Structure formats: structure tokens, C-alpha cells
Amino acid sequence: MTIVAATSLNLVSLGFQSSEPGRHTRDELEALARDAAVALEGAPAEQIAKWATDTFGARFCVTSSMADAVVAHLFSRVSPGVDVVFLDTGLHFPETLKVRDIVAATMDVNVRSIRPRMTVGQQDGEFGPRLFARNPDECCFLRKVEPLERALADYDSWATGLRRDESPTRANTPVVAFDAKKGKVKVNPIAAWTQADVDRYISRWNVPVNELFKKGYGSIGCWPCTRRTKAGEDPRAGRWAMFEKTECGLHV
């Protein structure tokens with residue numbers, strides 16, 4: 001299938017009928033993701049974004065860590081008013097929250113800040129203080145993974161800013177995939193971009209960027225588990241540096 005034909009990928013062209021208006025079955029979603037991954041490989045990020053919003057409509061959202069607002073901005077151009085989900089863990093740097101607030105105030109998107117079921121204080125009371133230093137996987141589950149699962153309940157598909165050049169664990173990231181655990185279509189419109197591509201987009205559109213990048217951080221998460229990276233290190237080397245851990249669990 002050619003890239004030009006990719007924008008016509010939908011349930012009708014695949015021979016499916018939705019079991020409920022506005023909703024797709026698991027088989028439909030898996031078929032859409034499989035075909036789109038082939039058809040959209042090599043397509044411009046804007047075309048991938050348009051396919052996603054045309055296909056899923058209100059049952060689609062963008063997720064953003066607010067390290068930068070590139071993907072949120074990309075979708076604001078393609079589909080104004082799109083939902084942008086931000087996981088407000090209660091442990092973010094102030095600089096991260098600043099980017100979120102700028103996005104909400106200046107872009108044509110609907111920012112949804114999703115919080116964990118427990119505050120940091122409540123979590124300390126139940127699991128003991130500094131869970132992130134003792135069991136970061138559990139902390140990430142409570143403050144990121146479970147809130148994302150809850151936030152995605154009303155969507156069939158979501159977009160991320162994952163890129164293949166970020167780390168070896170992300171080198172094979174497809175532009176569209178079916179997430180079997182979540183039963184949803186995951187869209188990665190800038191998967192093939194390099195850091196230079198990101199920088200050019202930021203410069204062209206004056207996209208807000210987390211100020212911590214200027215202070216030596218290569219990848220930005222919650223403040224207790226993020227350090228500055230050293231020259232020559234993988235950008236994600238500053239995440240959970242004291243543990244054999246490279247992902248928070250959102251993308252595995």
C-alpha cells in the first residue's frame with residue numbers, strides 16, 4: 001500500500017464494522033495498527049497524526065511528559081482541540097509543570113492533568129517514605145502506569161513522542177503499533193525523527209522546551225529519579241541511575 005493511500009485506512013477499507021458507534025473491537029484495532037504500520041512508515045509526522053485523528057476522532061488522545069511540547073504542537077496543527085494527557089505525578093520539576101501550563105495557555109489543545117490515586121504523602125504513609133529510592137518500579141506503577149491506564153479508558157488510541165534514536169531500547173519503535181496489554185493503538189508520529197529534526201521543529205514553530213535541557217539533563221522525569229547526564233552518555237542515562245532500569249513502564 002502506498003503512503004498516499006495511507007490516509008484512507010479506516011474500518012470501511014479494511015472491511016470491518018464497529019460493534020458500537022464510536023468504538024472499535026480489539027480485532028479491528030489490531031488490524032488497523034498492522035496495516036497502518038506498513039502504510040505510514042516513512043510518511044511525514046503530520047500525515048501520521050492526521051491518519052490517527054481522522055481514524056479515531058474523539059477516541060484519540062496525545063500523551064506528553066512536557067519535556068518539550070513538540071507532539072502536542074504537531075497535533076494542535078492537525079486536529080485543534082485534541083486531548084493532551086499529562087501524568088502529574090506530584091514529583092515533577094517546576095520546569096516541567098511550567099511547560100504544561102504554557103501548552104495549556106497557548107495551544108489549541110485540551111490539557112488533562114491526571115493525578116495518582118494517592119498523594120505523595122499518602123503513598124509515604126502506606127508504603128513508607130522514599131519508595132522511589134527503594135522500589136522505583138512500584139513507585140512508577142502507582143504514579144504513572146496506573147494513572148495512564150485510567151486516563152486511556154475512554155480512548156481507542158493514543159500518541160507518544162517516542163523516538164528510535166533516544167536509546168537502544170527504543171531503536172525499533174514503529175510509527176503505529178497495537179499495544180496488546182492495553183488493547184489500544186499506539187501512534188508514534190516522530191519515531192523516525194532525530195534530535196536534529198526535533199530541534200528544527202522547535203526552532204521553526206517556537207515550541208516550548210523544558211529549561212532543564214539547558215542545565216545538563218538529557219531526559220527528564222520525576223526529580224528524585226533524574227540526574228544530569230555526562231558528556232557522551234546515552235540521553236536516558238540520567239534516569240534511575242542507581243538501578244538497572246531504563247523505562248518507567250509506560251512503554252513496555
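Student: How many helices and strands are there in the protein chain?

Tutor: This is a predicted model, and its protein chain has 10 helices and six strands.

Student: What share of the 252 residues counts as buried?

Tutor: In the protein chain, 50% of the 252 residues count as buried. The contacts are worth a look too: among those with a separation of 6 or more, 67% join residues 24 or more positions apart.

Student: Which residues of the largest nonpolar core touch the most other members?

Tutor: Here is the general idea first. In soluble globular proteins, nonpolar side chains tend to be buried together. In this structure, the largest nonpolar core has 42 residues, and Trp 51, Phe 60, Phe 75 and Val 103 touch the most other members. Helix α4, residues 45-56, gives the most to this core, with six residues. Another core lies apart from it and has nine residues, including Cys 61, Leu 148, Leu 152 and Trp 158.

Student: At what angle do helix α5 and helix α10 pack?

Tutor: To read a helix pair, look at the angle, then the handedness, then the residues that meet. Helix α5 (residues 70-78) and helix α10 (residues 195-205) pack at about 60 degrees, and their axes are 11 Å apart.

Student: Is the crossing of α5 and α10 left-handed or right-handed?

Tutor: Their crossing is left-handed.

Student: Which residues of α5 and α10 meet?

Tutor: From α5 come Val 70, His 73, Leu 74 and Arg 77, which meet Val 198, Tyr 201, Ile 202 and Trp 205 of α10. Sorted by class, this contact has six nonpolar residues, one polar and one charged.

Note on methods:
Residues numbered from 1 in each chain as written. Predicted model: local features only at pLDDT ≥ 70, side-chain atom pairs only at ≥ 80, totals over all residues. Heavy atoms only, no water. Core = buried A, V, L, I, M, F, W, Y, C linked by side-chain atoms within 4.5 Å. Buried < 20%, exposed > 50% of the residue type's maximum accessible area, 1.4 Å probe, protein only. Helix = DSSP H or I, 4+ residues; strand = E, 2+ residues; numbered from the N terminus. Axes fitted to C-alpha atoms, helices over the stretch in contact; angles between N-to-C directions. Left-handed = near helix turned anticlockwise from the far one by under 90°. Contact = heavy atoms within 4.5 Å. Nonpolar A, V, L, I, M, F, W, Y, C, P; charged D, E, K, R; others polar.
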